Amino acid sequence: MKISIFHFKNLFPIVAFLIFGSGAIILWQNQNKNEKDLVFLYTQTSSEQIRIRVEGLMNARMVSLELLADRWVERTPPDFSQKRFLEFAEDFYTHYPGFTGINWIDPEGVVRWVFPREINEDFIGNRVSEHLNLRVRDTFQKAGKHLKYVATPCTELIQEGLGFHTFRPLIYTGRVQGYLNGVFRVKRVMDTCLANSILTNFWIRIYEADQLIYTNEEQGPGNPEKHNLHVLGEINFPGKTWQLELFPKEALYPPKVVRNPGLLGFGMFVSALLSLLLHFLNHRMQMYRQARDHALHEVSERKRAQEALKKNEKKLEALLKELAAKNAELETFVFSVSHDLKTPIVTIEGFMGALREDFGNLIPEDCERYLNYIGDATRKMEALINDLLELSRIGRLTVKKSEFPLADLMEEVIAGLQPQIEAKGIQVTVSQGLPLVYGEKKRLIQVMENLLSNAIKYIGKENPSPRIEVGVREQDDQKVIFVRDNGIGIEKTYFEKIFQVFQRLPSAKKIGPGTGIGLAIVKRVIEYHGGKVWLESEPGKGTTFFFTLKNKEA
Ligand code: ADP
């Protein structure tokens, strides 16, 4: 059994909401992640920049001192004069910023010549090996002992500020000629190296071993704490390894994100709305798809039905053709039979005439009665055959249709029936101003004759005021002609039947002879003219026959 709640269609909005909702949460949590990453990257590159600058500057100063030493001894004999030393020192001090002092110490370790004098004056005459600072003393002794370049740890300088000394023994012909002494104040070095942008954007701390030797932090509270944007670096140059700590200043921090729960709520609401929208959209699409499938199905059904209809139409056409052929065959048969039957009747009538002529006197009375019966029957038969012949001729033997006044037709018909009208004392009324009608005049005379003679015949024997009325009315581009009598009438059940061949009502049989073909001829002629025939009647009150005739087409 399929449990509908697990159907994907039902889960769809929930799945969509989960996807959109997680997106909203991730976005909400990472609102300023990218900005943080950028600040960290900036701090890293700045730390690298400081390292490169300090190392570059210090390496260059070391090389300058090397150069001074080399130039000093390169003359032969070397010129260890104060004048020459001061020339070099001034040149380097002026052109290569960063030095606090460039001094010469004699082989006994006494400071002799200094540059610039103003800052280093207090140093003159000092014996370095007896320097107050033990670290300077020890380092200097190492230079003398090992005859190599050394740098002191950072310490308070006589020249003021925190800094360090470098000592390079000057050796000529294997003898120590003295020591070249470089003095560097850390602040001066850093001021030379640090770009303004770095100073404004970062807090910097430089440590040597565990001693803080430089910082641009202001005194007092507000010192930066180590946080995830803080960067550590190392600066190396001959004789020194410094630790660098860099903190981005507050101004650089991405604005502190206040994670507003309302924002998350809004995100979730939008997610829910989107999911619902998607759900409805999906639903709509499914509806459209169903409607389309339904329409397609209907179209194909209709096509199939149309094809079937076409097939049936073809079948029907074939059947109609067959029927028409059979009808024509039947009519021809009826015609030839009726025609052939006339010959024996004529023979019977002929011989009856001969019988009367030749044996008239000899014929006994009873026999005469029988002969009259035979005569009646023969005449009836003849009338029947004549009517049948007429019926079979309709539509087969045609004359060209014409337009003629209906008044003329009525006059002709009434004139022919005048004796019977008078005999029964019938009042016949024909409407004035009868129109022109269009058709085969001879056939239409036959129609009117049949209808009028029926009206006369079935007017009723005890009718106190027998009346027949003929009239016309125009309706929908055609003429409706009627023949009304106040005769015996017809029961509704026979309204259709009386138009069939040989159909006579029991009441008619009582009234007199007839063939039962007259109305069939009427129907056939009217239909042949493209019209209709019908009747209204009530037993005992009278009958009205209507038929239509099309107007001549313009
Ligand atoms: P028939 O030769 O018997 O008159 P018709 O075909 O002319 O044959 O008529 C068929 C039958 O319709 C008649 O036998 C008669 O019963 C009935 N009928 C026709 N016209 C009228 C009429 N005007 N009033 C009453 N009955 C009629």
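I started with K457: one of its polar side-chain atoms lies 3.0 Å from an oxygen atom of the ligand. I counted a polar contact as a pair of N or O atoms within 3.5 Å; within protein, one must be able to donate a hydrogen and the other to accept it, and residues adjacent in sequence count only if both atoms are side-chain atoms. Next came D485, with a side-chain N or O atom 3.0 Å from a nitrogen atom of the ligand. For R504 I found 2.3 Å between a side-chain N or O atom and an oxygen atom of the ligand.

How much of the ligand does the protein cover? I got 97% of the 530 Å² of accessible area that the ligand has on its own (Shrake-Rupley method, 1.4 Å probe; for residues, only the protein chains shown count as cover).

A note on my source: this is a predicted model, where local features need pLDDT of at least 70 and side-chain atom pairs count only at pLDDT 80 or more, while totals for chains, interfaces and linings use all residues. Residues are numbered from 1 along each chain as its sequence is written, and side-chain values use heavy atoms, with hydrogens and water left out.

Along its principal axes, the C-alpha trace of the protein spans about 210 × 60 × 50 Å.
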